[in-house]
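Biologist: I would like to learn how to read strands and charges in a protein model. Can we take one case step by step?

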Amino acid sequence: MLKVAVIGLGKMGQRHLENWSLLPDVKIVGLVSGNQDLLTNLNSKYNTQGFSNMQDLLASVEVDVVDICLPTYLHYQYVSEAAKAGKQIICEKPLGRTVEESKEIIAICKKHNVQLYIGQTLRFDPEYANAHEQVIKGVIGNPGVVRLSRGTASPAVKDSWYSNHEKSGGIILDLGIHDFDWLLWTFGDVERVLAKHVSRDLVDGKKLEYALVTLRMVNGTIAHVELSWAKKGLETSFELAGKDGMITSNSKESQPIVVTVEEQPSVVSYLSNNLVGDSPILRQLKHFKECIINEIPPIVTPEEALKAVEVAEAAIQSAATSQPVNITERRALL
Amino acid sequence: MKIGIISFAHMHALSYAHFLSEHPEVELTAIWDEDVSRGTEMAGKFQAEFFSDLDSFLETDIHAVVICSENAKHKEHVFAAAYAKKHILCEKPIATEVIDAKAMIDVCKEEGVILQVAYPVRFSPVIQKVKDIIQSGEIGEVLAINGTNHGQMPGGWFIEKELSGGGSATDHIVHVMDLIRWILQEEVATVYAELDTRFYDIDVEDCGMVTLELESGTIVSIDPSWSRPKTFPTWGDVTLEIIGTKGSLSVDAFKQHSMLYDDVNKKVQQLSWSANMDQGLVYDFVNCIKKGANPSITGEDGLRTLEVVKGAYESAQKNQVVTLNRIEL
């Protein structure tokens with residue numbers, strides 16, 4: 001029985017909680033949130049205990065794994081505390097708010113000899129996992145130009161931590177991290193990056209953000225990533241063109257079931273629709289569970305998650321300076 | 001009105017010839033081509049007279065010419081036609097060098113002939129609708145555009161640099177660039193481009209990614225790659241994702257098609273059923289000559305888009321962002 005505690009009960013925390021409850025041989029031993037009402041609700045729903053801070057939780061119950069689903073700027077502090085307490089750690093993407101924080105997170109986990117599993121969920125998304133495999137198998141031949149697009153409704157609503165770049169890194173880090181990790185995983189390291197970013201405060205206090213990122217991979221592949229916080233719900237697509245062929249996919253065109261009812265609920269979705277079959281988060285948590293129990297390395301290592309943060313940070317720098325940023329040169333300077 | 005065609009090197013000539021010959025007020029009377037067998041064949045097909053000598057062709061009573069020679073030859077053909085006082089519809093790109101484009105604009109002005117550049121996508125009803133929507137302010141102020149003009153690798157003289165001036169960047173940046181200038185009525189401030197030859201063993205670039213900042217700060221990507229596989233069900237695409245402060249618009253200019261799964265030819269093909277934009281372009285040119293009006297697509301439109309292409313080559317070569325210095329006209 002794997003004893004899991006979920007820290008943070010926002011959108012992602014609740015998703016994780018729901019999926020942990022679906023996995024066998026897992027016991028949810030505690031929840032941590034500053035929101036007392038939410039805590040009370042979810043305690044009774046999942047038959048567990050709630051705490052207002054992680055220290056109290058760790059002092060009161062026996063925990064194997066701490067699952068950190070907190071805003072990006074809190075990852076460093078919470079992972080560090082969990083590592084010092086000797087817990088195995090699952091942490092939402094991105095690994096850290098900055099490259100510097102991310103490196104320290106990795107160092108602290110090494111020092112305390114705990115494993116760190118980063119929720120780069122795209123690797124567990126069947127659409128993207130399959131495309132990765134096809135490319136590795138050589139189906140498209142030598143890759144030429146790769147286009148990725150990812151859009152959601154803006155989570156940067158009034159007073160949200162997403163609206164604060166210091167806390168979230170904005171769209172390039174928060175949303176781009178998915179595609180950057182997938183690109184690194186599939187095509188190898190990035191040579192240089194050029195990014196353009198626009199943002200606008202809308203009347204309702206919401207922030208619209210949009211970015212266009214061009215990456216030149218070390219293997220020569222030209223990649224383009226479109227990131228949008230101007231959609232109504234999650235929309236993703238990719239087009240992978242190579243010497244021998246092209247793979248295309250579009251979330252709008254891969255829904256096997258479409259239900260239309262008279263009264264359409266107006267729910268804004270930030271996350272992927274539940275696929276028919278296991279959701280990417282369920283696959284991810286199942287994988288992490290197996291890695292922890294069997295002491296095997298995960299398919300996404302902390303070092304890889306760090307590289308994705310590195311690319312995002314370089315893209316943010318490029319957008320700010322209007323100049324291309326060479327990843328290797330930048331690494332040498334840091 | 002009698003019109004002649006200078007060269008069928010660019011395949012668009014076929015479509016222009018078709019719409020010229022079906023225009024009720026136009027006669028396609030003369031064809032000149034460097035390639036005698038191609039020229040003779042086309043003259044037969046369109047019931048026009050074939051000329052192997054350009055001077056004799058220009059001495060006929062044609063009012064205007066459509067130039068579809070190889071890009072690098074546009075300049076000499078525009079000069080010859082302008083000196084012979086023929087109005088000109090010139091295939092894009094206007095020229096292979098900015099300085100040539102300027103000379104072509106100047107000579108046409110001096111000789112008092114119309115110089116129109118063939119950007120037919122402006123005549124796509126879908127794109128015209130997009131222009132109306134954007135200009136009406138329905139999606140607010142435009143903040144960003146993510147555009148593509150993909151194609152299959154055309155081969156032939158398109159991949160011979162001396163004749164084409166360059167590969168996919170020369171061939172495919174200008175269409176989307178022209179639409180953006182036309183719809184937003186503004187110019188490019190900076191250009192960044194990654195260009196490469198990654199799909200074919202050819203001497204020109206076959207792919208790339210161009211990033212622009214317009215003078216207002218609007219950000220733009222244009223993918224001009226010849227990245228459509230040989231099995232792709234059509235020649236390519238023109239798409240724009242336009243992000244505004246009040247909404248967004250996504251357009252696929254050639255979306256109006258049905259699919260043909262063709263067992264005889266073992267191919268899957270898009271069958272377009274949208275209005276043909278080449279017809280709009282040809283009719284507009286004829287109308288413009290009739291009225292003696294300024295062309296709706298000017299030599300400057302051709303030149304400004306070519307400046308962006310040249311900026312892209314410079315940027316890709318230096319791996320730096322290039323600030324465009326627009327030449328004065």
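This is a predicted model: local features need pLDDT of at least 70, side-chain atom pairs count only at pLDDT 80 or more; totals for chains, interfaces and linings use all residues.

Biologist: Let us begin with strand E9 of chain B. Why is E9(B) described as largely enclosed by the rest of the structure?

Modeller: Buried means under 20% relative accessible area. Seven of the eight residues in E9(B), residues 207-214, are buried, so the rest of the structure largely encloses this strand.

Biologist: Which strands pair with E9(B)?

Modeller: Strand E8 of chain B, residues 188-196, pairs with E9(B) over eight bridges in the antiparallel sense. There, B:Tyr192 stands opposite B:Thr211. E9(B) also runs antiparallel to strand E10 of chain B, residues 219-223, with four bridges joining them. In that pairing B:Glu213 faces B:Ile219 of E10(B).

Biologist: How do side chains sit along a strand in general?

Modeller: In a regular strand they alternate between the two faces of the sheet.

Biologist: How many residues lie between the strands in the hairpin of E9(B) and E10(B)?

Modeller: Four residues lie between them. One to look at is B:Gly217, which takes a positive phi near 100°.

Biologist: Now the loop between E8 and E9 of chain B. Is B:Asp203 there buried or exposed?

Modeller: The cut-off for exposed is over 50% relative accessible area. B:Asp203 lies in that loop. Its relative accessibility is 76%, so B:Asp203 counts as exposed. With B:Glu160, B:Glu162 and B:Asp201, B:Asp203 forms a patch of negative charge on the surface.

Biologist: What are the relative accessible areas of A:Glu239 and B:Arg228?

Modeller: A:Glu239 has 15%, so it is buried. B:Arg228 has 1%, so B:Arg228 is buried too.

Biologist: What about the salt bridge of A:Lys231 and A:Glu235?

Modeller: Their side chains meet at 3.1 Å, N to O. A:Lys231 is buried at 18%, whereas A:Glu235 is partly exposed at 24%.

Biologist: Which residues are linked in a network of salt bridges?

Modeller: A:Arg192, A:Arg216, B:Glu194, B:Asp196 and B:Arg198 are linked that way.

How values were computed. Residues are numbered from 1 along each chain as its sequence is written. Chains are lettered from A and ligands numbered from 1 in the order in which they are written. Side-chain values use heavy atoms; hydrogens and water are left out. Buried means under 20% relative accessible area, exposed over 50%, partly exposed in between (1.4 Å probe, protein chains only). Helices (H or I, at least four residues) and strands (E, at least two) are DSSP runs, numbered from the N terminus. Two strands pair if DSSP finds at least two bridges between them. Patches are made of residues with over 30% relative accessible area and no salt bridge: like charges are joined within 9 Å, nonpolar side chains (Val, Leu, Ile, Met, Phe, Trp, Tyr) within 5 Å. Accessible areas come from the Shrake-Rupley method with a 1.4 Å probe; for residues, only the protein chains shown count as cover. A salt bridge is a side-chain nitrogen of Lys or Arg within 4 Å of a carboxyl oxygen of Asp or Glu. Lys and Arg count as positive and Asp and Glu as negative; His and the chain ends are not counted. The place of a charge is taken as NZ of Lys, CZ of Arg, CG of Asp or CD of Glu.
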